[in-house]
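This report describes a predicted model. The text begins with the protein as a whole and then turns to its domains and to one helix.

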Amino acid sequence: MTTKEYLIVGQGVAGSLLAFMLWEKGKNITLIDNAHHTCASKVAAGICNAITGKRFTKTWLAEEVFPFLHHFYQHLENNILNTKFYYPTQTYYPFEDIQEQNTIFAKSEQLTWKEQVSFEAPDKALEPYLQNTYGGWICKGACTIDTHHLLARFKDFFAEKKLYLQDQLDHSLLKIDNNTNHWLYKDQSYQNIIFCEGTQIQKNPFFNYLPFKFVKGEIITIELDTPLENFTQIINKGIFIAPIGKKQYKVGATYNWDDLSWQNTEQAKEEIETKLKKILKTPYKVIAQEAGIRPATYDRRPFIGKHPQYSNLWVFNGFGTKAFSLVPYLATQFIEHLLYNKNTIPPEANIERVKRLFLEKNR
Ligand SMILES: Cc1cc2nc3c(=O)[nH]c(=O)nc-3n(C[C@H](O)[C@H](O)[C@H](O)COP(=O)(O)OP(=O)(O)OC[C@H]3O[C@@H](n4cnc5c(N)ncnc54)[C@H](O)[C@@H]3O)c2cc1C
């Protein structure tokens, strides 16, 4: 029986990027995925935005995360995967009325990251298509990721190197070898297992004590009759409209904490379209609708770290609404800890913070 250094479970954005970074460090890995049966990463709009909403809320760790992600996705695109999936852009927040314009101008005085934001007068070119009478503000340094394409390309990348298994990992078949402390699974032995299972973590007997707060999201894809020449940025006004090329835009998303099924609903489509019609003046048709569940957590911080009882079982999960922004940077921090035992997992994300829940469950 041969031994591998790492088994990574789940090929969403978390598992794909972590597996890639470990491979790039020369580590001997296997990535296993059940053909994306429940994969939030495939549904995501792939938007990365450092500052959001009327309160200029800054993404957690934005100053570290954003410079890193642009550099990382470019490196992947140009030097590794050799395919286009990364689209740098900006996000435009149109003002609702003069009052909102004044409030936001006043709030911007307190901004600590002023260079990330600018204010725009109404754009005449957008006038025929968008309700845009009062101008708006812009968050610079955003991007969108073509998530389907990135995941499909990564799957091929690992499969070509014979590092990919398409299978459902059955936790009940995992056995620890008491002599080596390695994990045995089917005909293979692994020094470490890292679980990146998204919402399927609820079926994982080792980590199902972690307090998640899953939230369903639905998203539609629309096609416009006429392409909008100057409409290459993300528009955000209660919902986002994100260009994905060929006159098509992803529009969404909804938030539902009660219905945690992966099915599309007519209600979500209506909710999105009602908001869309308040901004968009031009005709469109809906060409797709998708639903997924975000692996969000109670305190809105990821779950990264070592199992309280087994020193070679790890979790990398809980990226909520911001996976495509947070995963590149946090994967590097996690790997510094895995390989060199450095204290690099941010305490807010380290599962040490909820260890008492494990102890209570196993009392
Ligand atoms: C509508 C919607 C819009 C979103 N938009 C954005 C956005 O614009 N920007 C952003 O950053 N985030 C967005 N998100 C959130 C983002 O999609 C998630 O945070 C992210 O995809 C989670 O990635 P993950 O790799 O942790 O999990 P997942 O993507 O769910 O991947 C987990 C993978 O593991 C597999 N798996 C699980 N258990 C097993 C097992 N036992 N054996 C084998 N395989 C297994 C699953 O099938 C899946 O393929 C959005 C989410 C939704 C629903």
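Of the 363 residues in the protein, 39% are buried, and among contacts between residues at least 6 apart in sequence, 73% join residues at least 24 apart. The protein holds eight helices and 19 strands. Its radius of gyration is 22 Å, close to the 21 Å that the globule rule gives for 363 residues, so the protein is as compact as a globular protein of that length. Along its principal axes, the C-alpha trace spans about 70 × 40 × 40 Å.

The chain is divided into two domains, with the bounds tabulated here.

| Domain | Residues |
|---|---|
| domain 1 | 3-42 + 149-210 + 300-361 |
| domain 2 | 76-144 + 214-294 |

The C-alpha centres of domain 1 and domain 2 lie 31 Å apart, and the contact takes nine residues from domain 1 and eight residues from domain 2. On the side of domain 1 that touches domain 2, helix H5 (residues 147-160) gives the most, with four residues; by class, that side of domain 1 has three nonpolar, five polar and one charged residues.

The buried residues of H7 are Ala323, Phe324, Ser325, Leu326, Val327, Pro328, Leu330, Ala331, Phe334 and Leu338. After H7 comes Asn341, whose phi is positive, near 55°.

Definitions and conventions:
Residues numbered from 1 in each chain as written. Predicted model: local features only at pLDDT ≥ 70, side-chain atom pairs only at ≥ 80, totals over all residues. Buried ≥ 20, exposed ≤ 12 C-beta atoms within 10 Å, placed from the backbone. Helix = DSSP H or I, 4+ residues; strand = E, 2+ residues; numbered from the N terminus. Domains from an automatic or database assignment. Contact = placed C-beta atoms within 7 Å. Nonpolar A, V, L, I, M, F, W, Y, C, P; charged D, E, K, R; others polar. Rg over C-alpha atoms; globule rule 2.2 N^0.38 Å.
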